[in-house]
Amino acid sequence: MRFTNLFSLIFCVTIVFCGLSTQAQLTNINAAPGIYKMPVVGNTILREEVLWTEEFANGIPADWENSDLGGVAIWEYRGTGTTPNNELGTVGSCIPEEAPGGAPILSPTWSNGFVIFDSNFWDNPDNPCSPQYFGTGPAPAPHLATITTPSFDLTGIDNVGIIFYQYIKNYQAESRVEVSVNQGPWQIVFENELVINQATALDDMQRVVISSLADNQPDVRIRFVFEGTYYFWMIDDIQLVQLDENNMSARWSSYGDFDFYDMSHETGFEYMEYDQYPVGLEPELKFTTMADNLGANEQTNVRLNVEISNLNNSTVIHTGQSSEGYVVDSGDEIELRAGDFQMPASIAHYEVDFSVSQNEEEQSPQDNNDTLTFEISTATFARDRGFTQAIFVSNDAYNGVPYEIGNVYLMEESGFQAHSITAGVAIGTSLPAQIYGAIYSFSIDSAINSELLGITELFEVVEGDLNEYGTEYLITMNFTFPIDLPEGAYLVVAGTTSGADDLFFSMSGAAYEFTSWVNYEDELLYLAQTPMVRLNLGPFVNQSEWFAESEVISIYPNPSSDELFVVVPHSDSASSTFEILDVSGRNVLSGKQNANTGKLRLNIEALTPGIYTLRWNEMPVEKFVKY
């Protein structure tokens with residue numbers, strides 16, 4: 001049994017991080033309170049016609065109503081000039097020891113501000129997170145706090161919906177959205193369904209269809225209600241939109257089946273989705289898409305279709321479809337599955353195309369599709385998505401504190417050895433700096449247990465190792481002797497003897513809950529983004545092994561919506577530069593290719609749809625389409 005009592009784990013955890021001389025006692029498992037610095041992109045959130053938006057760039061607007069039953073515990077604004085500012089979330093009692101606050105929401109415009117109801121703070125800002133100290137704050141719980149928009153005149157407008165981003169953690173509270181029409185009673189249109197101690201993702205987006213209440217009404221108000229005790233609710237980027245009539249959307253897709261709380265999963269880490277699988281650990285893929293009916297009408301015979309392609313030879317190796325079609329009401333979501341597939345032991349780069357279909361004529365077909373890519377490699381196990389999407393910056397409380405950061409990897413078979421660890425270090429790092437790799441056995445039952453199995457020598461970081469956004473420069477750290485890895489879970493980390501404010505690691509892609517971690521000398525905290533820390537199960541050269549002998553420059557997939565791979569001859573990879581030009585010849589993205597890679601992976605999500613030209617070493621190479 002993985003753990004004997006789930007809630008005993010959540011409420012009281014002993015962290016044993018071997019290689020350390022002490023045990024750190026925590027009252028619960030906490031998210032790391034640092035920030036994830038991301039490149040600034042446009043604030044366009046969704047495609048629908050936006051009727052109204054509020055991103056809290058200038059505080060809580062004066063025409064909003066902000067109230068609490070007790071008259072004290074109200075919603076607060078976190079901005080760049082507030083105290084606390086927008087780099088902190090909750091600042092009450094239930095945060096990591098010595099940390100000034102928890103992680104903030106990661107909405108599209110979190111950097112210019114958001115709002116929070118911080119039940120932690122109002123009930124107990126100063127004492128430990130323990131029932132004996134509940135009610136010691138300025139406004140003891142339970143709370144009933146509401147924040148209400150001004151009135152909207154929606155006369156002549158059909159198919160109305162609400163979109164908002166949230167980050168919420170629940171203890172014993174209800175959180176809901178209500179609508180009032182023409183000064184009538186408040187009616188619930190959305191409720192968070194969270195068990196005790198459950199939290200959403202930091203960038204959870206919700207869409208609520210209010211068409212039956214709000215269409216063609218001259219006086220529509222919306223309010224957000226927090227009622228109960230602990231922890232917090234953050235909200236940002238609220239939009240009132242006019243929806244299509246028929247619009248199914250693929251919100252999230254996966255070829256894994258991760259569920260930490262599934263008690264049939266022996267370790268809790270089964271079926272994680274990896275970006276690279278080494279030969280010998282080819283996955284059994286399980287195809288899932290969370291689909292939303294974003295339109296105003298009911299959709300029928302809704303199915304998931306999948307196709308796997310080998311991008312090396314442009315062949316389709318598998319197709320699948322949901323075994324039955326479903327009826328999805330307006331505003332509802334549905335989990336669609338399309339069977340399983342055992343991947344062959346063929347080293348290549350693969351693409352999985354997900355497509356949601358229905359009987360009705362789709363008005364927004366572009367959001368019915370989703371594409372994910374992964375590799376079968378000779379040696380590398382990787383969880384991150386390849387290019388630097390974010391940079392993790394620890395909270396100021398950890399300035400000067402050495403730390404380790406990394407991911408959990410599950411070995412489903414014995415007989416493998418750890419030869420080295422690769423990691424990405426980000427811009428902002430103070431040089432000179434040194435890093436090392438380490439591997440720990442790792443398990444979660446009634447406690448988090450870890451035992452150090454091996455550590456590499458220190459590696460000197462140089463300027464050319466540092467990643468900017470969109471690059472994939474990796475440092476390889478070898479073990480003196482390969483380390484045997486029996487079946488089980490392992491925490492693979494990169495660490496630094498520098499302080500947390502001196503060296504920064506690259507992050508790429510969202511992390512499953514409890515699968516990516518940062519350790520500050522006895523304090524282990526989980527991360528919302530995936531560190532670029534990889535495990536190599538054989539001799540490894542830091543280059544794209546199966547493309548290294550290529551004699552031509554090529555790019556794929558084309559067209560693409562989010563990422564682009566540039567493959568170059570290994571002889572042409574040293575000191576090379578790339579540029580991406582739009583149709584007017586304007587440089588919209590540029591950088592330098594790492595000398596030891598044969599492949600560059602570019603994040604093109606921020607580009608607007610259109611036709612672009614890749615230029616390599618100042619020579620036009622190939623056009624591609626961003627959709």
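Q: Which residues form the nonpolar patch on the surface?
A: I611, V625 and Y627 form that patch, and together they have about 260 Å² of accessible area. Patch members are residues with over 30% relative accessible area and no salt bridge; like charges are joined within 9 Å, nonpolar side chains (Val, Leu, Ile, Met, Phe, Trp, Tyr) within 5 Å. The areas are from the Shrake-Rupley method with a 1.4 Å probe, and for residues only the protein chains shown count as cover.

Q: What kind of model and numbering is behind this?
A: The model is predicted: local features need pLDDT of at least 70 and side-chain atom pairs count only at pLDDT 80 or more, while totals for chains, interfaces and linings use all residues. Residues are numbered from 1 along each chain as its sequence is written, and side-chain values use heavy atoms, with hydrogens and water left out.

Q: Where is I611, and is it buried, partly exposed or exposed?
A: I611 is in strand β43 (residues 610-616). It counts as partly exposed at 47% relative accessibility. Buried means under 20% relative accessible area, exposed over 50%, and partly exposed in between (1.4 Å probe, protein chains only). Strands (E, at least two residues) and helices (H or I, at least four) are DSSP runs numbered from the N terminus.

Q: What about L607?
A: L607 is found in the loop between β42 (599-603) and β43. L607 is buried, with a relative accessible area of 12%. Its C-alpha atom is separated by 8.8 Å from that of L589, 18 residues apart along the chain.

Q: Which residues form the negative surface patch?
A: E266, E412, E413 and E487. Asp and Glu count as negative, Lys and Arg as positive, and His and the chain ends are not counted. The place of a charge is taken as NZ of Lys, CZ of Arg, CG of Asp or CD of Glu.

Q: Where does E413 sit?
A: E413 is in the loop between β24 (403-411) and β25 (416-423). E413 is partly exposed, with a relative accessible area of 43%.

Q: Switching to sheets. What is the strand order in the open sheet of four strands?
A: The order is β22-β37-β25-β31, with antiparallel pairing. The edge strands are β22 and β31, each pairing on one side only. Two strands pair if DSSP finds at least two bridges between them.

Q: How many bridges does β37 have with β22, and how many with β25?
A: Strand β22 (residues 380-381) and β37 pair over two bridges, and β25 and β37 over four. Both pairings are antiparallel.

Q: Which residues stand opposite N536 in β37?
A: T380 stands opposite N536, and S420 also stands opposite N536. A423 stands opposite V533.

Q: Which way do the side chains of β37 point?
A: In β37 (residues 533-536), V533 and L535 point one way and R534 and N536 the other way; all are buried.

Q: What does R534 meet in a salt bridge?
A: The side chains of R534 and E472 meet in a salt bridge (3.0 Å, N to O). This pair links distant parts of the chain, 62 residues apart: E472 lies in the loop between β30 (466-467) and β31 (475-485), and R534 in strand β37. Both E472 and R534 are buried.

Q: How many salt bridges are there?
A: The count comes to 16, where a salt bridge is a side-chain nitrogen of Lys or Arg within 4 Å of a carboxyl oxygen of Asp or Glu. Among them, E76 and R78 meet at 3.8 Å, N to O, and the closest N and O atoms of E284 and K286 are 3.9 Å apart.

Q: Are E76 and R78 buried or exposed?
A: E76 is buried, with a relative accessible area of 19%, and R78 is buried at 1%. In the other pair, E284 is partly exposed at 32%, and K286 is buried at 13%.

Q: Last topic, backbone. Where are the cis peptide bonds?
A: One joins Y230 and Y231, with omega about 0°; Y231 lies in strand β12 (residues 220-242). The peptide bond from L431 to P432 is also cis, with omega near 5°.

Q: What is the phi of F56?
A: F56 has a positive phi of about 55° although it is not a glycine. Most residues other than glycine have a negative phi. F56 is buried, with a relative accessible area of 0%.
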